Amino acid sequence: MLLQLENVQKKYNDFHLNCSLQVEEGNITGIIGANGAGKSTTFKAALGLIRTEGGTIRILGKDSREITTEDKQKIGVVLSENTFNDMLTIQDILPVMETLYTAFQKDKFTEKCRQYDLPLKKQFKDFSTGMKAKFKLLLAMSYDARLLILDEPTAGLDAVVRNDLLDEMREYMKQDGRAILISSHISSDLEGLCDDLYFIQNGKVLFHEDTDIILSGYSVLKVNDEQYRFLDKSYLLYEIKEAFGYRLLTREKQFYLDNYPGIVAEKGNIDEIILIMTKGKKLAG
């Protein structure tokens with residue numbers, strides 16, 4: 001296990017984080033949720049950037065309080081905030097990285113920068129949003145980190161740039177012993193990338209499932225009021241009342257198809273499942 005959070009607590013005025021999650025070696029684990037749901041707070045807690053008020057954090061197999069400078073060289077981080085002075089250039093950063101990270105691959109990193117049209121001598125203040133995002137991710141992957149912790153690395157980017165960055169993450173994971181924890185409020189970005197997903201809302205994990213199970217095991221039923229009245233609700237998880245009737249979430253699609261001819265049963269997707277879970281009523285099923 002490369003990262004494990006158990007009942008990690010952090011309280012602000014009107015916000016309370018209470019989060020448990022784990023990232024296994026060889027996996028890309030995603031955290032999805034709306035802005036303000038607690039994704040960034042979770043990341044900062046895992047990295048020791050904020051003081052927590054309860055729970056335990058283990059990273060690279062150690063209690064987070066025992067992490068050494070050498071251990072930190074095995075963690076690559078992308079945060080939403082700018083981490084470098086706007087007056088600096090990529091060329092200015094190279095000697096700093098060589099000093100801080102013994103495994104920094106300078107030649108490979110500069111070649112990647114050229115590949116992605118990142119100018120080495122241009123000040124960061126003149127970088128576009130997409131250029132900054134590419135730079136931060138390439139830098140995090142430039143020193144053979146075992147664990148990448150990526151907070152909204154694709155936020156605000158167009159589809160082409162987002163796909164480029166997702167491809168870089170897939171390439172990174174081809175080497176054994178690595179893992180990624182990535183957050184996004186763009187759930188479609190993570191459908192084809194992540195092995196498993198956590199859904200967080202108001203500081204709490206409401207849902208954790210393997211991505212394959214989400215995409216193949218869950219189904220959305222659409223029924224009118226009369227169909228709903230006679231429906232066996234034993235295998236329903238959530239429901240939303242709508243103008244036409246009801247939208248229902250289940251993991252037993254075949255049961256309803258077999259027993260209720262004519263019922264509409266659609267394959268679930270992450271966005272729709274999250275919508276039903278956040279806006280709908282939880283059922284006993």
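Is Tyr238 buried or exposed? In this predicted model, Tyr238 counts as buried, because its relative accessibility of 13% falls under the 20% cut-off. The residue belongs to strand β12. Leaving aside residues up to four places away in sequence, the contacts of Tyr238 are Arg247, Leu248, Leu249, Ile276, Met277, Gly280, Lys281, Lys282 and Leu283. Val220 is 18 residues from Tyr238 along the chain, and the C-alpha atoms of the two are separated by 9.6 Å.

The sheet around this tyrosine can be described next. Strand β12 spans residues 236–242 and runs antiparallel to strand β13, residues 245–250, with six bridges joining the two. Within this pairing, Lys241 stands opposite Tyr246 of β13. Both strands belong to an open sheet of five strands, ordered β14-β11-β13-β12-β15 and paired in antiparallel fashion. The edges are taken by β14 (264–267) and β15 (281–282); each has a single partner strand, so one side of each is left without a neighbour in the sheet. In general, the strands of a sheet pair through backbone hydrogen bonds, in either a parallel or an antiparallel manner.

Elsewhere, Phe84, Phe104, Phe109, Phe124, Phe127 and Phe135 form one aromatic cluster.

The structure holds one cavity of 30 Å³ or more, and the largest cavity contains about 70 Å³ of space. Its lining is made by Asn82, Thr83, Phe84, Asp86, Phe124, Lys132, Phe135 and Lys136. Among these, Phe84, Phe124 and Phe135 also belong to the aromatic cluster. Sorted by class, the cavity lining comprises three nonpolar, two polar and three charged residues.

The largest pocket holds about 1000 Å³ of space. It is lined by 37 residues, and those closest to its centre are Leu47, Gly48, Leu49, Lys72 and Val77. Two or more lining residues are given by each of the elements α1 (39–46), β4 (54–59), α2 (69–72), β6 (75–78), α3 (90–100) and α5. Of these, β4 gives the most, with five residues. The lining of the largest pocket has 22 nonpolar, nine polar and six charged residues.

The second largest pocket has about 310 Å³ of space. Its lining is made of 13 residues, and Gln105, Lys108, Lys112, Met141 and Arg178 lie nearest its centre. Here the elements giving two or more residues are α4 (106–115) and α6. By class, the lining of this second largest pocket has four nonpolar, three polar and six charged residues.

Finally, two residues deserve a word for their backbone geometry. Most residues other than glycine have a negative phi. Asp144, by contrast, has a positive phi, near 60°. This aspartate is found in the loop between α5 (129–140) and β7 (147–151). With a relative accessibility of 34%, Asp144 counts as partly exposed. Glu152, which is not a glycine either, likewise has a positive phi, of about 50°. Glu152 is placed in the loop between β7 and α6 (159–172). This glutamate is buried, because its relative accessible area is 12%, whereas Asp144 is partly exposed.

Definitions and conventions: Residues numbered from 1 in each chain as written. Predicted model: local features only at pLDDT ≥ 70, side-chain atom pairs only at ≥ 80, totals over all residues. Heavy atoms only, no water. 1 Å grid on protein atoms, 1.4 Å probe; cavity = no way out; pocket = protein on both sides within 12 Å on 5 of 7 lines; lining within 4 Å. Points joined across faces, edges and corners; volume = space filled by probe spheres on them. Nonpolar A, V, L, I, M, F, W, Y, C, P; charged D, E, K, R; others polar. Pairing = 2+ DSSP bridges. Helix = DSSP H or I, 4+ residues; strand = E, 2+ residues; numbered from the N terminus. Buried < 20%, exposed > 50% of the residue type's maximum accessible area, 1.4 Å probe, protein only. Contact = heavy atoms within 4.5 Å. Phe/Tyr/Trp six-rings, centres within 6.5 Å; stacked < 30°, edge-to-face > 60°.
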